[in-house]
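Here's a quick briefing to read alongside the structure. Have the viewer open and click along as you go.

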Amino acid sequence: MKILLMTPPMTQLNTPYPATAYLTGFLRHQGYQAVQRDPAIELFLEMMTQNGLNVIRDIVEENYEAFEDDQLPDVIFTFLAEFERYAQCVEPVIRFLQGKDPSLALRIISRRFLPEGPAFQTLAQMEEVSGDVLKAAFGDLGVQDKAKYLATLFVNDLSAVITQGVDPYFEVSRYGERLAAANPYFDDLYNTLSAGPSFTSEVLEQLIEQYLEEENPDVVGLTVPFPGNMLGALRIAETCRQLRPEMPIVMGGGFVNTELRALKDLRLFEFVDFICLDDGERPLLTLLEYLKGEREVEELHRTYLVAEDDQGEPFVYLNENPQLHDIPQVDVGAPVYEGLPLDEYLSLCEMLNPMHRIWSDGRWNKLTIAHGCYWRKCSFCDISLDYIDRYDEAGADILVDRIEQLIEETGQTGFHFVDEAAPPKALFALARRLIERGVVISWWGNIRFEKTFTPERCQLLADSGCVAVSGGLEVASDRLLKLMEKGVSVEQVARVTKAFSQAGILVHAYLMYGFPTQTTEETIDSLERVRQLMQNGCFQSAYWHRFAATIHSPIGMYPERYGIELLPRPEAQFAENDLEFFDPVKTDHDALGEGLRKALYNYMHGVGFDQPMQFWFEQKIPKTSVSKNFVRKAIEGIIATH
């Protein structure tokens with residue numbers, strides 16, 4: 001039996017999403033003929049050609065036929081006015097970003113080769129404030145990186161042309177996200193699919209037809225890691241239905257696991273036959289055994305399908321098989337990347353920030369140190385779900401074996417450990433084993449900023465190849481950190497992040513605002529602590545997230561503990577995740593959000609540290625009560641000994 005696994009559009013352009021690689025490796029180890037494709041990157045590359053731009057221009061001109069030039073969106077006006085340059089540059093720029101034509105960098109940095117649309121305006125604004133920011137960021141010799149940044153702006157402009165002029169659901173890293181995310185009803189997706197094909201869906205259909213002809217699979221499996229993959233997944237399933245109506249189609253992935261746990265809408269099964277929840281190895285293995293006639297339908301595990309009631313009426317049914325257990329980490333095997341076009345992905349540089357660019361620059365092999373989270377207490381996290389709650393690790397020797405196997409297969413020594421929070425003891429054991437076995441890699445991953453990361457241990461991680469870590473500082477308020485059971489204090493985060501930075505490891509901090517009972521004063525104090533942390537070199541990059549209560553988190557399950565009241569919501573027929581709530585502490589978080597982002601954006605570029613807090617906000621804000629020396633005092637012990 002042959003199964004074709006696919007990741008629908010859109011995901012990162014620099015590296016394949018790892019789900020199909022994990023499953024391909026596992027299923028091959030079980031004796032199945034598993035193959036994989038990444039239509040997300042191939043769809044994008046099909047559009048980023050001269051022929052693709054010609055088609056895009058025709059559609060744009062038709063859609064904006066009745067508009068005068070001064071009525072056109074800026075990105076559309078520039079695209080049409082400079083079309084010959086866009087068409088001439090697009091294929092060379094893509095080759096450059098794939099690492100196939102590095103000599104083009106010198107032409108790109110001349111600032112006379114690429115047409116510069118609205119995406120370049122942010123650069124111009126920064127240059128007005130701070131002078132030559134490109135020279136400050138890359139110096140005189142950083143030719144490749146400088147060109148990569150400018151080429152990324154060029155790609156962003158073309159992506160905006162597609163979104164504004166061709167397909168409103170298209171974005172570089174997502175596709176139709178708002179149709180699926182936390183949407184209790186399937187109507188929006190269903191109506192979009194019923195409305196007929198778009199330019200992007202027609203290109204996608206051609207790719208799927210090609211895959212089916214080349215591989216001739218018995219089963220198709222689709223992973224939907226995010227809401228922005230759901231529309232693409234259904235487009236793929238629709239095409240498979242038309243071309244091979246008898247072929248079973250199965251769906252799973254992170255979005256499914258999180259948001260479709262109360263699924264009732266039968267219409268989804270017009271596109272797929274089965275939907276698997278949580279870790280896919282055991283449910284998918286059981287399903288394939290069922291399709292081969294080796295199991296009964298009642299033996300399927302964590303699998304949605306359509307059944308009939310006593311009156312013969314169909315309904316959506318989740319079949320669980322408590323006699324089966326999940327595959328332990330020691331037995332899942334190493335990912336396999338065969339079938340994915342590893343030399344076709346784009347290395348992008350989206351910000352003038354060394355840590356922030358890691359997400360989009362370079363191709364990383366993905367591995368998990370341990371399944372689940374060793375802490376699993378944070379009140380905002382989905383700790384009731386399997387991907388957080390079930391903790392299981394494989395051990396350092398098995399991990400290093402898998403690392404060596406992936407290096408041999410891919411030729412790449414960069415690794416991203418995709419844990420929710422990598423367990424410190426397992427990290428230290430892995431670092432020692434990498435050093436002992438002489439395995440040279442560069443790696444990064446997500447952690448908790450806990451006190452066990454001493455300067456000595458941070459240096460151990462650096463010596464093993466750690467180049468960056470990310471972790472949650474969240475609200476940067478000790479009262480709220482305690483309320484969310486984060487298990488850290490701001491002073492502790494300051495010391496730990498400084499230890500990482502002094503070991504030469506880049507640090508990214510996840511930040512949060514709008515947490516239950518958070519006041520305006522606490523938000524401004526949080527920004528002041530973040531300012532000091534960045535000015536003192538504790539971390540180099542950060543991002544503000546607007547807090548959202550989710551149904552599978554402690555806050556969603558026990559809102560009264562956090563001083564809020566959930567608002568009534570419709571009974572979910574499709575997706576269910578974000579929850580609206582009433583907070584008696586009336587803080588205008590939406591108004592504060594823009595100022596928080598503006599300040600942080602400047603801090604990440606090394607500017608604006610001396611500006612008063614009020615500078616970033618249009619509305620009047622309270623003065624911060626945080627001592628100007630708060631962070632410096634917190635890290636003095638480290639500074640004194642290193």
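Leaving aside its neighbours within four places in sequence, which residues is Met230 in contact with? They are Ala180, Leu189, Val224, Met251, Phe255, Leu260, Leu268 and Phe574, where contact means heavy atoms within 4.5 Å.

Before going on, some ground rules. This is a predicted model, so local features need pLDDT of at least 70 and side-chain atom pairs count only at pLDDT 80 or more, while totals for chains, interfaces and linings use all residues. Residues are numbered from 1 along each chain as its sequence is written, and side-chain values use heavy atoms, with hydrogens and water left out.

**Nonpolar cores**
- Met230 and Leu268 touch the most other members of the largest nonpolar core, which has 184 residues. (Such a core is a set of buried Ala, Val, Leu, Ile, Met, Phe, Trp, Tyr and Cys residues joined through side-chain atoms within 4.5 Å; buried means under 20% relative accessible area, with a 1.4 Å probe and protein chains only.)
- Helix H9 (residues 143-165) supplies the largest share of this core, 10 residues. (Helices are DSSP runs of H or I, at least four residues, and strands are runs of E, at least two, numbered from the N terminus.)
- There's also a second, separate core of 19 residues, including Tyr32, Ala34, Phe274 and Leu284.

**The sheet**
- Six strands make an open, parallel sheet in the order S10-S13-S14-S15-S16-S17. (Two strands pair if DSSP finds at least two bridges between them.)
- At the edges sit strand S10 (365-367) and strand S17 (541-546), each pairing on one side only.
- From one strand to the next, the twist averages 20°. (Axes are lines fitted to C-alpha atoms, for helices over the stretch in contact, and angles run from 0 to 180 degrees between N-to-C directions.)
- Strands S15 (residues 466-474) and S16 (residues 506-513) run parallel and are joined by six bridges; Gly472 stands opposite Tyr510 in S16.
- Helix H21 (residues 490-502) packs on the sheet, touching strand S14 (442-447), S15 and S16, and its direction makes about 150° with that of S16.

**Asn14**
- Look for Asn14 in the loop between strand S1 (2-6) and helix H1 (19-29).
- Asn14 is buried, with a relative accessible area of 2%.
- Its side chain makes a polar contact with the side chain of Gln12 (3.2 Å) and reaches the backbone oxygen of Trp359 at 3.2 Å. (A polar contact is a pair of N or O atoms within 3.5 Å; within protein, one must be able to donate a hydrogen and the other to accept it, and residues adjacent in sequence count only if both atoms are side-chain atoms.)

Methods
Buried means under 20% relative accessible area, exposed over 50%, partly exposed in between (1.4 Å probe, protein chains only).
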